Amino acid sequence: MNVLCNARKHHLIYRIVKMKTSLQYLPKITTFLLWLLSLGVALVSYRFLALGLEAAFPGMMNHIANRNLAFILHISASPVALVLGLFQFRPRLRSKYPGIHRWSGRIYAVAVVIGGLTGLILAFGISDRPIAAFGFGTLSILWIGATARAIQLAMAGRMAEHQRWVYRSYALTFAAVTLRLILPFFIVLGDMEYSQASNYVGWISWVPNLLIIEFYLRRRKAGKTLTVSA
Ligand code: HEM
């Protein structure tokens, strides 16, 4: 009986230690996935450079025909934000090369303003899908707003708050990745056309991101979380 109890105890301890060891890798795995997915989506977005607009985005003919410049600016600037945002979180870049951090932050902000304003123009262009249009429109405004607030706080030297708003800004930038991850579920499992699916992904691509980052920031403030440094 005693031997059985001891064996169970050892097994339990073994499992707790194993779980803790796997949890240690969680920030590294999260960081790796963030980079992989963001770089992947950014690179795939630039396929139009090789294929041309029509062949690269056959489902976006409405934008290509009616708001060509806004569309080109959007798909050129937004991926820049997606990639540069990743570098902004690197603690070593911030501490060793603050000049590069500041410049890449400025370019990130310009990319967000261009991507956000043109995103808004594209959203107005899909008024036949009002739920999607409202979702993308709200995202555009919040994206620009969160980024502007982050810059304003940095200029005021309020760095802790600046960092929190950068997290929020990038959570919104990351909507581009979330959208492409969840879209196949609607199209394949939900048997929907893109136009119908966009009414869902126009919201689900970013609302959960904001909730997750808010939860993360609260836990971090309370000192309860593992740090993820993209
Ligand atoms: C976060 C704010 C963003 C907003 C509000 C936004 C908005 C939009 C809208 C409204 C469209 C047209 C969709 C449709 O007609 O159904 C679109 C397409 C597109 N956006 Fe964005 N976007 C954002 C971020 C990004 C980012 C960060 C990227 C970077 C990769 C990106 C890349 C693209 C591309 C490549 C398209 C063409 C269609 C596709 O490949 O799915 N967008 N965006």
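Predicted model: local features only at pLDDT ≥ 70, side-chain atom pairs only at ≥ 80, totals over all residues.
## A residue of helix α2

L37 lies in helix α2, where helices (H or I, at least four residues) and strands (E, at least two) are DSSP runs numbered from the N terminus. Because L37 has 17 C-beta neighbours inside 10 Å, it counts as partly exposed; a residue is buried if 20 or more other C-beta atoms lie within 10 Å of its own, exposed if 12 or fewer, and partly exposed in between, with C-beta atoms placed from the backbone.

Residues are numbered from 1 along each chain as its sequence is written.

## Overall architecture

The protein has 13 helices and 0 strands, and along its principal axes the C-alpha trace spans about 80 × 50 × 30 Å. Of its 230 residues, 26% count as buried. Among the contacts with a separation of 6 or more, 66% are made by residues 24 or more positions apart, two residues being in contact if their C-beta atoms, placed from the backbone, lie within 7 Å.

## The largest nonpolar core

The largest nonpolar core contains 32 residues, of which A81 and L172 touch the most other members; such a core is a set of buried Ala, Val, Leu, Ile, Met, Phe, Trp, Tyr and Cys residues joined through C-beta atoms within 7 Å. At least two residues of this core come from each of α6 (68-88), α8 (98-124), α9 (130-155), α10 (159-173) and α11 (175-189), and the largest share, 8 residues, comes from α9. When residues up to four places away in sequence are not counted, A81 touches Y108, A111, V112, G115 and T173.

W143 is found in helix α9 and is buried, because 27 other C-beta atoms lie within 10 Å. Leaving aside neighbours within four places in sequence, W143 is in contact with V112, G116, S169, L172 and T173.

## Helix α6

Helix α6 has 21 residues and reaches 31 Å from its first C-alpha to its last, close to the 30 Å expected at 1.5 Å a residue; the expected span of a helix is 1.5 Å times one less than its number of residues. Its buried residues are F71, H74, I75, A77, S78, P79, A81, L82, L84, G85 and L86, and these pack against α2, α3 (47-51), α5 (61-66), α8, α10 and α11.

One of these residues, L84 of helix α6, counts as buried because it has 23 C-beta neighbours inside 10 Å. Apart from its neighbours within four places in sequence, L84 is in contact with S104, I107, Y108 and A111. L84 and L39, which are 45 residues apart in sequence, are 9.8 Å apart in space, C-alpha to C-alpha.

## The shell around the ligand

The ligand is surrounded by 27 residues, the closest being S45, S78, G119, L122 and A176; a residue is near a molecule or strand if its C-beta atom, placed from the backbone, lies within 6 Å of it. Helices α2 (26-45), α6, α8, α9, α10 and α11 each supply at least two residues of this shell, and the largest share, 6 residues, comes from α6.

By class, the shell has 18 nonpolar, 9 polar and no charged residues, with Ala, Val, Leu, Ile, Met, Phe, Trp, Tyr, Cys and Pro counted as nonpolar, Asp, Glu, Lys and Arg as charged, and the others, Gly among them, as polar.

## Loops and the last helix

R158 is found in the loop between α9 and α10 and counts as partly exposed, because it has 13 C-beta neighbours inside 10 Å. R158 and N199 are 41 residues apart in sequence and 38 Å apart in space, C-alpha to C-alpha. D191, in the loop between α11 and α12 (194-204), is exposed, with 9 other C-beta atoms within 10 Å; phi of D191 is near 55 degrees, a positive value in a residue other than glycine.

The 15 residues of helix α13 (residues 207-221) should span 21 Å at 1.5 Å a residue, and the end C-alpha atoms of this helix are 21 Å apart, which agrees. Helix α13 is followed by G223, whose phi is positive, near 70 degrees.
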